[in-house]
Amino acid sequence: MKFYLTISIILITFLYCSAPKDALDDTPRVRSFSKWKADYFHHPIEVKIGWYPYEEEELVKTGKHQYSIQKSDTSETGSMPVIVLTYPDSTQSVYFGMDIDNELLGRLIKQSLMTQQPITEPLIAFLEDADCSTCHPEDIEIK
């Protein structure tokens, strides 16, 4: 009796704890390159750092919730780095401060390269318009 009970527990455990049948039947997709030469390339994006001159200015309170910008008495000047993305095939360019989030900058560049759409502001609208899922076949998982 103990033998049949042990066998029953093992069979039940095996049947209910094993992987689903469809997961076992799914064979992975394998791709190989016969040569490392691309058939074509998407349009390039040029990334540069530009040093832009500035003059220090100050905010002056003119009312309860109002301010105006005036030139500073000290007239401090300097140069500030800015990330400049240009599209060599067009006159469009976009500028980012050095404080832009690394992940966001990478995502913007990647989506612009993949969809061949120039980055435009507001950035949320660009990310929605330049959605990578519009180009990919349905069976390729994005993200």
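This is a predicted model: local features need pLDDT of at least 70, side-chain atom pairs count only at pLDDT 80 or more; totals for chains, interfaces and linings use all residues.

Reply: Residues are numbered from 1 along each chain as its sequence is written, and side-chain values use heavy atoms, with hydrogens and water left out.

Me: What makes up the secondary structure of the chain?

Reply: The chain has four helices and five strands, in the order α-α-β-β-β-β-β-α-α from the N terminus. Helices (H or I, at least four residues) and strands (E, at least two) are DSSP runs, numbered from the N terminus.

Me: Why is Ser112 called buried?

Reply: Buried means under 20% relative accessible area, exposed over 50%, and partly exposed in between (1.4 Å probe, protein chains only). Ser112 has a relative accessible area of 2%, so the residue is buried. Across the 143 residues of the chain, 16% count as buried.

Me: Where is Ser112 placed, and which residues does Ser112 touch?

Reply: Ser112 belongs to helix α3 (residues 102–115). Leaving aside residues up to four places away in sequence, Ser112 touches Ile45, Tyr87, Gln117, Pro118, Ile119 and Phe126; a contact means heavy atoms within 4.5 Å. The C-alpha atoms of Ser112 and Phe126 are separated by 8.9 Å, and the two residues are 14 apart along the chain. For the chain, 45% of contacts between residues at least 6 apart in sequence join residues at least 24 apart.

Me: How do you know that Lys48 and Glu46 form a salt bridge?

Reply: A salt bridge is a side-chain nitrogen of Lys or Arg within 4 Å of a carboxyl oxygen of Asp or Glu. The closest N and O atoms of Lys48 and Glu46 are 3.0 Å apart, and the pair forms a salt bridge. Lys48 has a relative accessible area of 46% and is therefore partly exposed; Glu46, at 33%, also counts as partly exposed.

Me: How many salt bridges does a search of the whole structure find, and what does Lys71 pair with?

Reply: The search finds two salt bridges. Lys71 forms one with Glu55, with the closest N and O atoms 2.9 Å apart. This pair links distant parts of the chain, with Lys71 in strand β3 and Glu55 in strand β1 (residues 46–55), 16 residues apart. Lys71 counts as exposed because its relative accessibility is 56%, whereas Glu55, at 47%, is partly exposed.

Me: What makes the negative surface patch?

Reply: Glu56, Glu57, Glu58, Asp73 and Glu76 form this patch. Patches are made of residues with over 30% relative accessible area and no salt bridge, with like charges joined within 9 Å and nonpolar side chains (Val, Leu, Ile, Met, Phe, Trp, Tyr) joined within 5 Å. Lys and Arg count as positive and Asp and Glu as negative, with His and the chain ends not counted. The place of a charge is taken as NZ of Lys, CZ of Arg, CG of Asp or CD of Glu.

Me: Why are Asp73 and Glu58 given their accessibility labels?

Reply: Asp73 is exposed because its relative accessible area is 75%; the residue is found in the loop between β3 (67–71) and β4 (77–86). Glu58, in strand β2 (residues 57–61), has a relative accessible area of 35% and so is partly exposed. Glu58 touches Ser68, Ile69, Gln70, Lys71 and Ser72, not counting residues up to four places away in sequence.

Me: Which residues make the nonpolar surface patch?

Reply: Ile49, Trp51 and Met98 make this patch of about 360 Å². Trp51 lies in strand β1 and, with a relative accessible area of 57%, is therefore exposed. Accessible areas come from the Shrake-Rupley method with a 1.4 Å probe; for residues, only the protein chains shown count as cover.

Me: What is noted about the backbone at Gln116 and Pro122?

Reply: Most residues other than glycine have a negative phi, and most peptide bonds are trans. Gln116 has a positive phi, near 60 degrees, and a cis peptide bond joins Glu121 and Pro122, with omega about 0 degrees. Gln116 is in the loop between α3 and α4, and Pro122 is placed in the loop between α3 and α4 (123–129).
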